[in-house]
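Biologist: I've got a model open and I'd like to talk it through. Can you take my questions one by one?

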Amino acid sequence: MTDREIDEALKRVSQTPHAVEPELLGRIAGSIKASLQPVRRLPPTWTLACGLALTCTAVAVAGAVRAGFYGIEKMSLVQRALIFPVIGILSWVAATEFVNTMIPGSRRRLSPGALLGIGSVVLVGVFGLLFREYRTDHFFSVGMVCLLTGLLHAIPAGLLSWFVLRRGFAVNPTSAGLVAGTLAGLAGVGLLELHCPNFQAFHVLVWHTAVEPVSGAAGALLGWVLHWGRGPIAEASARRTPIS
Amino acid sequence: MFSLGDVEKLRSGAVGGLELRIIQIGTNSVTFWSFQANTLWWDGKRVRPCRPRTGNGLHEHAHKDKDWIKTIYLMCPDSNLEMLMARYQEGDFAAATALVEGVSPQLHRFFVAQLARRSDADDLLQETWLRIHRVRHTYRSGEPVLPWFYAIARHVRVDHYRKAMRTRAHEQRLTEISTPAATVSGEARPADDLRDLLAPLPESQREVIEMLKVAGMSLEEVARATSTSVGSVKQKVHRAYRKLRETMSAMGNRKGQRGGQA
């Protein structure tokens, strides 16, 4: 059996007409007609991605306004010039991917897992390059405060991102949650870089970077729970809205 | 070439012996599609011959006249689904009906290829159109429409699969649905042949083969529909073919042995 023979077998099958019951098609068309109205299309990807990036920036800056800009004030020019553009680029990529996950049939350049992995590795690389103070004081206690602060700011960033894309449709809610969590986590990392004056290398490498994967995992879990985990509720809801 | 006076003739498809489809009638012009020549005619001018379906097979022509739809998307050579979808979004029931009639057989075949029962495929088709109708605003003009349909159809199928798994866990009826190639009572149908052919494949490979080889989508379109990369689609196709070769060769050998014994 060769590939050509398989191709021919598939071609034979594909050329055979496949009929659907006309009554079924009639029922579908009838149900569509009942609620057929012009709809407002979604804006272009770049517009939505700009909205998401601005939202996350606003959350990070608002958090820093409340908590203080101690981190950025203590940074050198090189640190500022490298850290914030990198977070900005990662946020833009995450925002674009989030838009793509919320529009069925969109072109995907990165899988959600790859986005999370690449984002974490890039952050570790940049932080490892720029922070050289290898002393550690109160590693866990101070680190947990930073992690929680980042995550607490990731929550509003995630909620607002969901609001921006509320008209989208996630064909894979877990992936969409993962990407949304990654984006929100980057907002949390941005806030920590603006605010946290602790430049000990291990603190920044572990606790600041951890905000992104933890937030991504939380987003994925939330997406899974909201969709797949609500089995009986979804079934009851589907039974209430049958196609007539 | 053709003028507005020819509209009635165009409607009857009687101009120049060509089979024609009117796409849009404006205040002073008409746009139509010639099936035999695979050509779009715009304002009486031949815009361009449509290439055979490659890539996403999409041609875009912008027009500034406000009486016209601003952009016509023509998917060649066999359909203009993108344009119908745009009109469906604008609330055109005729376009919606044309889409239902045009796309449903493909989606139905997609479901039948994955499932054992035709009645399940009917239910899934209805559910898919319900979702399509609810989220029709998420389709964006200029994007290929088939991946959009198939992405939603996949979502519905996965939902159904999970629901079926839960039901089966409760009812302990494990054997009926779990095998995609399960026998179906009644007369064998072409879709059953497809299901039997693809039965040895895992679900992810089966759907890719169905979209690529049966629905006639491009690699790029399949990648969009399955939310993966083109490389991943190629890999799945490669593995699927290897598996099909092995299975079919084994079946051929068995038949040969039986023939020898007889």
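What follows is a short chat about the two chains and how they touch.

Modeller: Quick ground rules: this is a predicted model, where local features need pLDDT of at least 70 and side-chain atom pairs count only at pLDDT 80 or more, while totals for chains, interfaces and linings use all residues. Residues are numbered from 1 along each chain as its sequence is written, and chains are lettered from A and ligands numbered from 1 in the order in which they are written.

Biologist: How many helices and strands does chain A come to?

Modeller: Helices (H or I, at least four residues) and strands (E, at least two) are DSSP runs, numbered from the N terminus. From that end on, the elements of chain A run α-α-α-α-α-α-α-α-α-α. The count is 10 helices and 0 strands.

Biologist: What is the radius of gyration of chain A?

Modeller: That radius is taken over C-alpha atoms, and the globule rule is 2.2 Å times the number of residues to the power 0.38. For 244 residues the rule gives 18 Å, and chain A is well over that, so it is more spread out than a compact globule, with a radius of gyration of 23 Å.

Biologist: Which elements of chain A cover the buried residues of helix 7?

Modeller: Buried means 20 or more other C-beta atoms within 10 Å of a residue's own (exposed is 12 or fewer, partly exposed in between), with C-beta atoms placed from the backbone. In helix 7 of chain A the buried residues include A:Gly143, A:Cys146, A:Gly150 and A:His153. Their cover includes helix 3 (45-67), helix 5 (77-101), helix 8 (173-195) and helix 9 of chain A.

Biologist: Where does helix 9 of chain A bend?

Modeller: A bend at a residue is the angle between axes fitted to the seven residues ending there and the seven starting there. In helix 9 of chain A the angle is about 35 degrees, and a proline, A:Pro213, follows within four residues of the bend, which sits at A:Ala210.

Definitions and conventions
Contact = placed C-beta atoms within 7 Å.
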